[in-house]
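Subject: Structure handover

Hello,

Here is the structure I promised to pass on. Please open it first, then read my notes below.

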Amino acid sequence: MNTTTKYAATALAAALGVTVLAGCGSDDGPSGSGASKDSGSKTVTLVSHDSFNVSKDVLKAFTKETGYRVKTLKSGDAGAALNQEILTKGSPRGDVFFGVDNTLLSRALDNGLFTPYEAKGLDRVAKDTQQDEKHRVTPVDTGDICVNYDKKYFADKKLAPPKTFADLLKPAYKNLLVTENAASSSPGLGFLLGTVAAEGEDGYEAYWKKLKANGVKVVDGWEQAYNEEFSGSAGGKKAKADRPLVVSYASSPPVEVLYADPQPKEAPTGVATGTCFRQTEYAGLLTGAKNEAGGKALLDFLISKAFQEDMPLTMFVNPVVEDAELPELFTKHGEKIDTPPTVAPEKITANREQWIQSWQSLVLK
């Protein structure tokens, strides 16, 4: 998703910096999907945030099919990566940009970063994720920012965990929640937008005043919140954290299972399903791309069934292709959020800075 440190697992599994992720194409040059005479290069460069990750076998299959190898240029946080592309627009650092989500989408489109391209297989992509009729971007994944809870804490206290935004205001949950700074963190911003969607533009400020009065703790980013302050995570247990509620993702529980040794039968954390905000993540062909044909082939690949079915346990996000199957570990321990609140990208663009400034004045003073 938008944040680059959603999970320590992703950071450990993904290579840092510029990495060639697939073998060289054949000496005969590119062929197959997206190949055309305007592409003299066998390498297609993907610019992304640090959380991009894909299995080597899946990338090798792409190279075998198309003749292109994929090189990734990782650029830190999604917002920072987008800022760099805006600064270099027209002379991009790569061919495709992956990682702009609905909280920043209209900013990217308004800056003319992408060349329209209707990816092959788009008819299999969920319609509600397709926000741009001009096809300047292609939906790739979705993820839900939600409050997670420490199951053991609530069982020991014989206290039911919260389920909704309204529950978080109850005295029973005073001083239990930690969230990220909405001005510096993607999940923090997503949680703020979730309260705007749930409480309305006229009600979110009053909500945050009450949440502050109920002892919400704010830290800079997800890594600190989840691995240092949240008592339910593996990192939090080591740090002797004392907050049993944290803003994270609906797919965080499977991570706790996948990387535990031995793996538990049940995830140690749960999801408050009424506290979620839906993020959709996009990729686009960068205007001025040197390898436009390779970029188009890569966009086709990002919504292929092979890539879509690889994402849940490499990037811990949901596929947008409707016939993609989810792995059992992901479905067993994660939460499927059917109708999470969200905010239209154009409304986010028009109000984002105002909402953040208001949030800062209310919560950080």
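The largest pocket in this predicted model has a volume of about 500 Å³. A pocket here is an open set of points on a 1 Å grid over the protein atoms alone, where a 1.4 Å probe fits, with protein on both sides within 12 Å along at least five of seven lines. A cavity would be a set from which the probe cannot get out. Points are joined across faces, edges and corners, and the volume is the space filled by probe spheres set on them.

The lining of the largest pocket comprises 20 residues (a lining residue has an atom within 4 Å of a point). Nearest the centre lie Thr-142, Asn-318, Pro-319, Leu-326 and Lys-336. Strand E6 (138–150), strand E11 (318–319) and helix H13 (328–333) each give two or more residues to this lining. Helices (H or I, at least four residues) and strands (E, at least two) are DSSP runs, numbered from the N terminus. By class, the lining has 8 nonpolar, 5 polar and 7 charged residues. Nonpolar covers Ala, Val, Leu, Ile, Met, Phe, Trp, Tyr, Cys and Pro; charged covers Asp, Glu, Lys and Arg; the others, Gly among them, are polar.

A word on numbering and limits. Residues are numbered from 1 along each chain as its sequence is written. Local features need pLDDT of at least 70, side-chain atom pairs count only at pLDDT 80 or more, totals for chains, interfaces and linings use all residues, and side-chain values use heavy atoms, with hydrogens and water left out.

Now the whole protein. It has 14 helices and 11 strands. Of its 365 residues, 56% count as buried (under 20% relative accessible area; exposed is over 50%, partly exposed in between; 1.4 Å probe, protein chains only). Take contacts between residues at least 6 apart in sequence: 78% join residues at least 24 apart. A contact means heavy atoms within 4.5 Å.

Next, the rings. There are 16 aromatic pairs. Rings of Phe, Tyr and Trp (its six-membered ring) pair if their centres lie within 6.5 Å; planes under 30 degrees apart are stacked, over 60 edge-to-face, the rest tilted. Phe-52 and Phe-98 have ring centres 5.4 Å apart and planes at 70°, so they are edge-to-face. Phe-52 sits in the loop between strand E2 (43–48) and helix H2 (56–66), Phe-98 in strand E4 (residues 96–101), so the pair ties together parts 46 residues apart in sequence. Phe-52 is buried at 2%, and Phe-98 is buried at 0%. Ring pairs also link Phe-52, Phe-62, Phe-98, Phe-301 and Phe-307 into a cluster.

The structure holds 1 disulfide (a pair of cysteine sulfur atoms within 2.5 Å). Cys-146 and Cys-276 form it, with their sulfur atoms 2.0 Å apart. The S-S torsion is about 115°, so the disulfide is right-handed. Cys-146 is in strand E6 and Cys-276 in strand E10 (residues 269–286), 130 residues apart. Both cysteines are buried.

Last, the backbone. The peptide bond from Asp-261 to Pro-262 is cis, with omega near 5°. Lys-158 is not a glycine, yet its phi is positive, near 50°. Lys-158 lies in the loop between helix H5 (151–156) and strand E7 (177–180), and is exposed at 78%. Lys-240 also has a positive phi, about 55°. Its relative accessibility is 74%, so Lys-240 counts as exposed.

Best wishes
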